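Here are my notes on the model, as numbered points. Have the structure open while you go through them.

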Amino acid sequence: VILGHEMVGRVIEVGPHANIDSMGQQVKVGDRVIWAHSYCGHCFQCTQAKQPYLCINKRMYMYESMEKHPFLMGGFAEYGYVLPTSGRVKVPDDVDSTLASLSSCAFRSVMNAFDQIGDISPSDTVVIQGAGPLGILATGVARIRGAKKVITIGAPEQRLSLATDFGADEVLSVTGMDAGARLARVKELTQGRGGDIVFDFSGVPGAFAEGMDLVRSGGRYMVAGQTSKGKIEFQPSLITLKNVHLQGSISADISHYHKALEFISRHQSSLPFGRMLTNRYGLGTINEALAGMSAGNEIKPLVLPWGDA
């Protein structure tokens, strides 16, 4: 396989009937695009459920064999192929390619999670679990969508500082405080109730149980960051006794890619998106980028196969 699925590219050739993107915009050679995984368009999830990201026949970039046509199905390459059944969106002229790449996985997932959780009122306290790329982006979206208070939980301090710049009113460390202290602080900030809306973007299985404590009775809990097979012990009666609205979210459809790009275009002057992008690498030094991510030294490293984007 060719790894990499969070990518932006410049069009070098347009196939038959591919000159219009998923938003109805003209696409020509030289334009920049981001694109989605490929969905079949005829299974139950695509048609009746209207949730194509749950398609049972989907083809996913970086999971397809590079030994089979069309071969170029991953981001860590000089060229990529956009399948005819993949949604694609032209990048606005005022959005740099480095920022557009955020929209093709991390940010579109955040947008889908926010769309599914519903409206955020000016009286709502939103708690964000996780200060990785998704959690930081979610902090900014919660702030822009009008939350009364945004509390972001995570580590290390560098990321919590960035979360503050993205609009967090309070940041709580997972290394400097224990779960009991974090819960006490959230309760203190919410008149003893807990968060009206809690998002889990942490990727840490144990965060789920903590999130169920953090959400208020009658509140909403969106779990969007759990993709590992890790297991925890959990008390299901809490869902009943607290009357919690519990929901999961995975991936996104092409509309969320577009919303992510438009959000960056509109708010890039007020939110420091560029500070999420750390070091730059070519294909020859990509292992250094992966090692930096593994060590937690990177937030979003950039891989630039052709030099500057």
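1. I started with helix α6, residues 179-189, where the buried residues are Arg-182, Val-186 and Leu-189. Viewed along the axis of α6, these buried residues fall within an arc of 65°, so they line one face of the helix. The arc is taken from the directions that run from the helix axis to the C-beta atoms, and buried means under 20% relative accessible area, with exposed over 50% and partly exposed in between (1.4 Å probe, protein chains only).

2. Before going further, the ground rules: this is a predicted model, in which local features need pLDDT of at least 70 and side-chain atom pairs count only at pLDDT 80 or more, while totals for chains, interfaces and linings use all residues. Residues are numbered from 1 along each chain as its sequence is written, and side-chain values use heavy atoms, with hydrogens and water left out. Helices (H or I, at least four residues) and strands (E, at least two) are DSSP runs, numbered from the N terminus.

3. What do the buried residues of α6 pack against? Their partners are β4 (125-129), β5 (149-154), β6 (170-173), β7 (195-200) and α7 (207-214); contact means heavy atoms within 4.5 Å.

4. After α6 comes Gln-191, with a positive phi near 55°.

5. Glu-210 sits in helix α7 and is buried, at a relative accessible area of 14%. Leaving out residues up to four places away in sequence, Glu-210 touches Gln-129, Ile-153, Ala-179 and Arg-182. Arg-182 is also one of the buried residues of α6.

6. Now α9 (residues 254-267): its 14 residues reach 20 Å from first C-alpha to last, close to the 20 Å expected at 1.5 Å a residue. The expected span is 1.5 Å times one less than the number of residues. Among the buried residues of α9 are Tyr-257, Leu-261, Phe-263 and His-267. Their cover includes β2 (32-38), β3 (86-90), α2 (97-100), α3 (106-117) and α4 (133-144).

7. On to the rings: the structure holds 9 aromatic pairs. Rings of Phe, Tyr and Trp (its six-membered ring) pair if their centres lie within 6.5 Å; planes under 30 degrees apart count as stacked, over 60 as edge-to-face and the rest as tilted. Trp-35 and Tyr-61 have ring centres 6.4 Å apart and planes at 80°, so this pair is edge-to-face. Trp-35 is in strand β2 and Tyr-61 in the loop between α1 (44-47) and β3, 26 residues apart. Trp-35 counts as buried at 9% relative accessibility, and Tyr-61 is buried at 1%.

8. Phe-166 and Phe-273 make an edge-to-face pair, 5.6 Å centre to centre with 85° between the planes. Phe-166 is in the loop between α5 (157-165) and β6, and Phe-273 in the loop between α9 and β10 (277-281), so the pair ties together parts 107 residues apart in sequence. Ring pairs also link Phe-107, Phe-166, Phe-263 and Phe-273 into a cluster.
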